[in-house]
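Subject: Structure handover

Hi,

Here is the structure we discussed. Please load it before reading on; my notes follow below.

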Amino acid sequence: MHKLFDLFFVSSNNHKYQEAKKILDSFGIRLGFIKSSLEEIQSNSLKEIALCKAKDAFSKCKKPLIIEDDGIFINSLNGFPGPYSSYVFKTIGNKGILNLLKQNRTAKFVSIITYCDKKILQSFDAKLDGSISKNIQGKGWGYDPVFIPNNSKKTFAELNNKNELSHRYKALKKFSKWYLHK
Ligand code: IMP
């Protein structure tokens, strides 16, 4: 029987899925979506969180899948919010982040894509350096309106080629190279 999808993206975040689908389409991989909130352990390590999430996802779905864990790390805040990015976005949001920053606005976005099937559990990570804007610029999800990648004057929310340079794109590119040759 012809399979509709090669593998599934398990997440509660539809924005992430839409971006991941476009990116993997461009590498010839068809990505389905399973909307599900996954168990997230408290840890200072994104990788540890990602591995636990992927195992939880596979135990629920029993299909080859990827999950993604991200964080935004702000240098002048010693890497905060990092693994706590989701909680910080929900509590103080972009306005709260802008209020915490002064001169040094450099930051990075990190993405960890973790693949899991019956036999394999493997992570692929990537980072994108940039800075935090002085104001909210453009309309977009999450930290998109405040993150300016290096070599750009626009935030992710204002760029029309985010999916060709983002932390997600870079991690998924690494994953695709491995997946297509495994
Ligand atoms: P988590 O991996 O779902 O815990 O996401 C961490 C946090 O980073 C969430 O608040 C997301 O909204 C945010 N985030 C992750 N990737 C992006 C992105 O590409 N743009 C904007 N915000 C993002």
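Which side chain has an N or O atom 2.9 Å from a nitrogen atom of the ligand? That side chain belongs to Arg168. Taken alone, the ligand exposes 490 Å², and the protein buries 92% of that (accessible areas by the Shrake-Rupley method, 1.4 Å probe; for residues, only the protein chains shown count as cover).

Ground rules. This is a predicted model: local features need pLDDT of at least 70, side-chain atom pairs count only at pLDDT 80 or more, and totals for chains, interfaces and linings use all residues. Residues are numbered from 1 along each chain as its sequence is written, and side-chain values use heavy atoms, with hydrogens and water left out.

The ligand site

- Lys162 puts a polar side-chain atom 2.8 Å from an oxygen atom of the ligand.
- Tyr143 uses its backbone: an N or O atom there lies 3.0 Å from a ligand nitrogen.
- The shell around the ligand has 14 residues (a heavy atom within 4 Å of the ligand). Lys16, Asp70, Asp144, Lys162 and Arg168 come nearest.
- By type, the shell holds six charged, four polar and four nonpolar residues.
- β3 (65-74), α3 (85-91) and α5 (167-181) each supply at least two shell residues. The largest share, three residues, is from α3. Helices (H or I, at least four residues) and strands (E, at least two) are DSSP runs, numbered from the N terminus.

Away from the ligand

Ser123 sits in strand β6 (residues 121-132). Its side chain makes a polar contact with the side chain of Thr114, at 2.9 Å. A polar contact is a pair of N or O atoms within 3.5 Å; within protein, one must be able to donate a hydrogen and the other to accept it, and residues adjacent in sequence count only if both atoms are side-chain atoms. Ser123 also touches Lys47, Leu51, Ile112 and Ile113 (heavy atoms within 4.5 Å), not counting residues up to four places away in sequence.

Backbone points to check

Most residues other than glycine have a negative phi, and most peptide bonds are trans. Lys62 has a positive phi, near 55 degrees. Lys62 is in the loop between α2 (46-61) and β3. Phe80 and Pro81 are joined by a cis peptide bond, with omega about 0 degrees. Pro81 lies in strand β4 (residues 81-82).

Best wishes

Notes: Nonpolar A, V, L, I, M, F, W, Y, C, P; charged D, E, K, R; others polar.
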